[in-house]
Amino acid sequence: MNLNMIWNGISKPATVAALSLASVLAVLPADGFAQSTRTSGFQISNDQPINIDADKFDVDDRTKLITFTGNVVAIQGENQVKAGKMVVRYAGGSTGLAAGQGDIERIDLSESVQLDTATQKATGDTGYFDMTSQHFVLQGKQVVLSEGGNVFVGCKLTVNMATSQANLDACGGRVQVKLNPQSAPQSN
């Protein structure tokens, strides 16, 4: 099923992700159990259409859930999310949501989650966007963030979308970092 959904009028930011982790990848320290930094560009855009493709689409107004299953791909601008399953929890009726008058409260992603922007990629087993608290969490046995030749590995990435504060946790181990000096911006 190909679903072209445009939700421009939703009052809470209602997109799957505009994951911009360039500053995390540039400054995150290599040692420690959990590392924290600020991201300069992590934000959710609510001014562009969202296109969602999935094998199956279900709406349950009683439970306020929209479920996309099977090869889910959500695209907004240059940002893309892939997962085996995406569940959108909303307030209001589905008619209001489709007309841009509902509030998305949370988006849960499972079954091999991949987030891509023009320059970054993040992968994990599961993830969610909590629109009420403005938090994004990606977790799994191995969460991998990459940009160019820079790679960060942990098990849980938490981003506060309101403050741009990001934390990569190794869950009892150590965060692994590979920095490629050739990926740094060149000064003129």
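Predicted model: local features only at pLDDT ≥ 70, side-chain atom pairs only at ≥ 80, totals over all residues.

Colleague: What makes Lys56 and Asp58 a salt bridge?

Modeller: The closest N and O atoms of Lys56 and Asp58 are 3.8 Å apart. The cut-off is within 4 Å, so the pair counts.

Colleague: Why is Lys56 called partly exposed?

Modeller: Lys56 has 47% relative accessibility. Exposed requires over 50% and buried under 20%, so Lys56 falls in between. Asp58, at 34%, is also partly exposed.

Colleague: Which label, buried, partly exposed or exposed, do Asp60 and Arg62 get, and why?

Modeller: Asp60 is at 28% relative accessibility, so it is partly exposed. Arg62 has a relative accessible area of 71%, which is over 50%, and is therefore exposed. Asp60 and Arg62 form a salt bridge, with their closest N and O atoms 3.7 Å apart.

Colleague: What is Asp108 linked to?

Modeller: Asp108 belongs to a network of salt bridges with Arg89 and Arg106. For Asp108 and Arg106, the closest N and O atoms are 2.9 Å apart, and that is within 4 Å, so the contact qualifies. Arg106 has a relative accessible area of 21%; buried means under 20%, so Arg106 is partly exposed.

Colleague: How do you know that strand β8 pairs with β9?

Modeller: Four bridges join β8 (residues 113–116) to β9, and the two run antiparallel. Leu115 stands opposite Ala122 in β9, and a hairpin of three residues connects β8 to β9.

Key:
Residues numbered from 1 in each chain as written. Heavy atoms only, no water. Pairing = 2+ DSSP bridges. Salt bridge = Lys/Arg side-chain N within 4 Å of Asp/Glu carboxyl O. Buried < 20%, exposed > 50% of the residue type's maximum accessible area, 1.4 Å probe, protein only.
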